[in-house]
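Subject: Structure handover

Hello,

Here is the structure I promised to pass on. Please open it beside this email and follow along.

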Amino acid sequence: MNNADLISKTILFVKTKLENAEGGHDWFHIERVYKNSLLIAKNEICDTTVVQLGALLHDIADSKFHDGDETIGPRIAREFLESEKVDQEIILHVRNIIENISYKGGNFEKKFSSIELDVVQDADRLDAIGAIGIARAFNYGGFKNRTLYDPEIAPNSNMTKEEYKKNDSPTLNHFYEKLLLLKDKMNTQTGKQIAQERHRYMEGFLAQFYAEWEGEK
């Protein structure tokens, strides 16, 4: 099977699998990460097939929608790629991307490193910030029935991986617990450049939010 056919089949598989997914983790999220991955990859020496497959399959079964089980996504990806007779070395690389891409409170040490992981991770993190990142944060907060903001509940930016997974604080706290921290965690130069602008947009949003909250604007 040539690369174009494999990517087309993977896109169809992911679209079908995520048909009823939560709005911030649906096919359109995957598509944005896929496009950002290709944009970043243009400036890196990397295996574009691995980047494409990693981007398309990175959230095929997000653990937060499967009772925290982090093994489901890599297993589904492996089974799909094996069914398409993909080379085992590529399958292992894609699995490593899926297993090491998540933020997990920022205290998670990656057990695997590659430029392909760096590219896909940056693309995924870019989709968590800026205008779309804001929209996704509040969409997920609504999905979990979380409070928008509570001045009495302070953000906690030093959570363990397990604390982060169980955290149910107001949506605005998520900006300080993750979104505003991502700018300085980008791997590639392209990712860093794009993140700068998206970060500034979030800062402007927060300033406006607090002003409206206090009745100042």
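R32 and D127 form a salt bridge, and their closest N and O atoms are 2.6 Å apart. A salt bridge here is a side-chain nitrogen of Lys or Arg within 4 Å of a carboxyl oxygen of Asp or Glu. R32 lies in helix α2 (residues 27-41), while D127 sits in the loop between α6 (115-126) and α7 (130-143), so the pair ties together parts that are 95 residues apart in sequence. D127 is buried, with a relative accessible area of 0%. R32 is partly exposed, at 23%. Buried means under 20% relative accessible area, exposed means over 50%, and partly exposed is in between (1.4 Å probe, protein chains only).

A word on the ground rules. This is a predicted model, in which local features need pLDDT of at least 70, side-chain atom pairs count only at pLDDT 80 or more, and totals for chains, interfaces and linings use all residues. Residues are numbered from 1 along each chain as its sequence is written, and side-chain values use heavy atoms, with hydrogens and water left out.

**Salt bridges**

How many salt bridges does the structure hold? There are 7. Side chains of opposite charge can pair when their charged atoms come close. Look at E99 and R95, which meet in a salt bridge at 3.6 Å, N to O. Both lie in helix α5 (residues 88-100), 4 residues apart, about one turn of the helix. E99 is partly exposed at 31% relative accessibility. R95 is partly exposed too, at 28%.

Next, find K183 and D184. Their side chains form a salt bridge at 3.0 Å, N to O. Which of these is buried and which is exposed? K183 counts as buried at 18%, whereas D184 counts as exposed at 61%. Salt bridges with shared partners also join R32, D127 and R136 into one network.

**Aromatic rings**

A pair of aromatic rings is described by the distance of the centres and the angle of the planes. Here, rings of Phe, Tyr and Trp (its six-membered ring) pair if their centres lie within 6.5 Å; planes under 30 degrees apart count as stacked, over 60 as edge-to-face and the rest as tilted. By this rule there are 11 aromatic pairs.

Take F13 and F80. Their ring centres are 4.3 Å apart and their planes are at 10°, so the pair is stacked. F13 lies in helix α1 (residues 3-17) and F80 in helix α4 (residues 72-83), so the pair ties together parts that are 67 residues apart in sequence. F13 is partly exposed at 22%. F80 is buried at 7%.

Now compare Y149 and F209. Their ring centres are 5.8 Å apart with planes at 85°, so this pair is edge-to-face. Y149 is in the loop between α7 and α8 (161-166) and F209 is in helix α10 (residues 189-213), so the pair ties together parts that are 60 residues apart in sequence. Y149 is buried at 17%. F209 is buried at 14%. Both belong to one aromatic cluster, formed by F138, Y149, F175, F205, F209, Y210 and W213.

**The core**

In soluble globular proteins, nonpolar side chains tend to be buried together. A nonpolar core is a set of buried Ala, Val, Leu, Ile, Met, Phe, Trp, Tyr and Cys residues joined through side-chain atoms within 4.5 Å. The largest one has 52 residues, and V14, L57, L81, I129 and F175 touch the most other members. The elements giving two or more residues to this core are α1, α2, α3 (48-57), α4, α5, α6, α7 and α10.

Click on L57. Leaving aside neighbours within four places in sequence, L57 is in contact (heavy atoms within 4.5 Å) with T10, F13, V14, A77, L81, V94 and I98.

**The whole chain**

The protein chain has 10 helices and 0 strands. Both kinds of element are DSSP runs numbered from the N terminus: helices are H or I, at least four residues, and strands are E, at least two. Along its principal axes, the C-alpha trace spans about 60 × 35 × 30 Å. Of the 217 residues, 47% count as buried.

Best wishes
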